[in-house]
Amino acid sequence: MTNNNAETALEKIIEKSDKCSPLTKEDLVFLLSIDDVSLKKRLFEAARDARSQHFDNKIFLYGFLYLSTYCRNRCRFCYFRNPNMASRRYRKDNDEVVEAAKRLAASGVHLIDLTMGEDPYFLDRGEKGFKKLTGLISEVKSETSLPVMISPGVVPDILLGDFSKAGADWYACYQETHNRKLFSKLRLDQNYDERIGKKYSAHNSGLLIEEGILTGVGDHIEDIADSIIAMREMDADQIRVMSFVPQEGTPLFDKFPADPQKEIQIIAVLRMAFPDRLIPASLDIDGLDGLKPRLDAGANVVTSLVPPGQGLAGVAQSELDIEEDRRSVESVKRILSDESLRVATVDEYKSWIKIRCSHVDKKTLKESVAC
Ligand code: SAM
Ligand code: MD0
Ligand code: SF4
């Protein structure tokens, strides 16, 4: 394609995105393949425009609490996979988690994300473990008055309903890829359809859902385009991409060359494909130094703010920037003001959730709802 033709093709896709029309696989592959500097610049500018059209200059901040790093699974990319003897294991008491959540709330975050490995203590002891989790959700909710996300891995459908009743607003569970073959190489001995199905069940239970992909683990541009289409089909409310961070003691440690730009370009394409959805810039990949490029690509949520001094870990970067207090609201605010962005108010975040939930409810009732 000549440069002129490519410019025209890009403008056509931008127009489609402006109208919230679905991008085709061909459109997505085109956007993901852009290599030319000036076309890339135009893509990123359009992504920022799309963000401001739907969210003005507001950015949402998510506090992250990795409450248990024990896990029964052995995902090949993950530091906390069960056989990894090198990783630091802990399970925080509910009281400690609530304390940390209160600190995060006081610092100004909009949501508390309760994340865990698939810890048998919670998931393999029947009602006993489930009650601990639902009790924790209600306590965090009542003590912070903030929306709550739960990221527990694959859990029974009935528990998703209980999470919702306990006050959870979001269920996060990332497929990593929508290429079944690649999935089976990444998430060893896990069932692709079961993991996908949990997101549909969560929506049916009234929870908002976050779906996501992992890049830099043998995925190709076509796979990413397929993922975007699959994430649109499930009507994910928040959509993320994270670069693979190689982990010591794991099988993929030295298998893939890093390509930090790829994630940034995917964020811009996600914004074009999902102009009105939440798209995170995670501090868990490149720390605070990685925030600006992700915001420049159109992200509108900063995730993985972690309070220091409580022995809490990140997932992809288990330590980076945590004890230095650089994963904090104050540090993030400084970057946002350089970018003419601002931290949203909690009420603005809650009202976004309310509108989105009514959309999900209507969909469950099979009414048609436009973007
Ligand atoms: N255990 C639950 C699960 O797997 O759904 C919740 C934990 S959630 C924080 C784990 C997510 O972190 C994964 O789905 C993956 O997207 C991301 N992750 C884990 N290890 C990573 C790594 N080495 N590099 C980048 N992202 C990683
Ligand atoms: C993050 N480390 O936001 C967290 C995690 C889980 N819901 C989120 C991947 O980057
Ligand atoms: Fe466990 Fe989640 Fe890590 Fe997989 S990604 S090993 S399920 S913590």
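Here's a quick look at how the protein wraps around two ligands in this predicted model.

Let's start with ligand 1. It has 19 residues around it, and Phe77, Glu176, Arg187, Arg195 and Val245 come nearest. By type, that shell splits into 10 nonpolar, six polar and three charged residues.

Now for ligand 2. Here 14 residues form the surroundings, with Asp113, Ser151, Tyr174, Ser282 and Thr303 as the closest. Sort them by type and you get six nonpolar, five polar and three charged. Four strands each give at least two residues to this shell: E2 (111–116), E3 (148–151), E6 (238–243) and E8 (301–305).

| Ligand atom | Side chain | Distance |
|---|---|---|
| oxygen of ligand 1 | glutamate 176 | 2.5 Å |
| oxygen of ligand 1 | arginine 187 | 2.9 Å |
| oxygen of ligand 1 | arginine 195 | 2.9 Å |
| nitrogen of ligand 2 | tyrosine 174 | 2.8 Å |
| nitrogen of ligand 2 | aspartate 284 | 2.9 Å |
| oxygen of ligand 2 | threonine 303 | 2.8 Å |

So how much of each ligand gets covered up? On its own, ligand 2 exposes 300 Å², and the protein buries 96% of that. Ligand 1 has 560 Å² of accessible area by itself, of which the protein covers 93%.

And where do they sit?

Key: Residues numbered from 1 in each chain as written. Chains lettered and ligands numbered in written order. Predicted model: local features only at pLDDT ≥ 70, side-chain atom pairs only at ≥ 80, totals over all residues. Heavy atoms only, no water. Near = heavy atom within 4 Å. Polar contact = N/O pair within 3.5 Å; in protein donor to acceptor, adjacent residues only side chain to side chain. Areas by Shrake-Rupley, 256 points an atom, 1.4 Å probe, with all protein chains shown as cover. Nonpolar A, V, L, I, M, F, W, Y, C, P; charged D, E, K, R; others polar.
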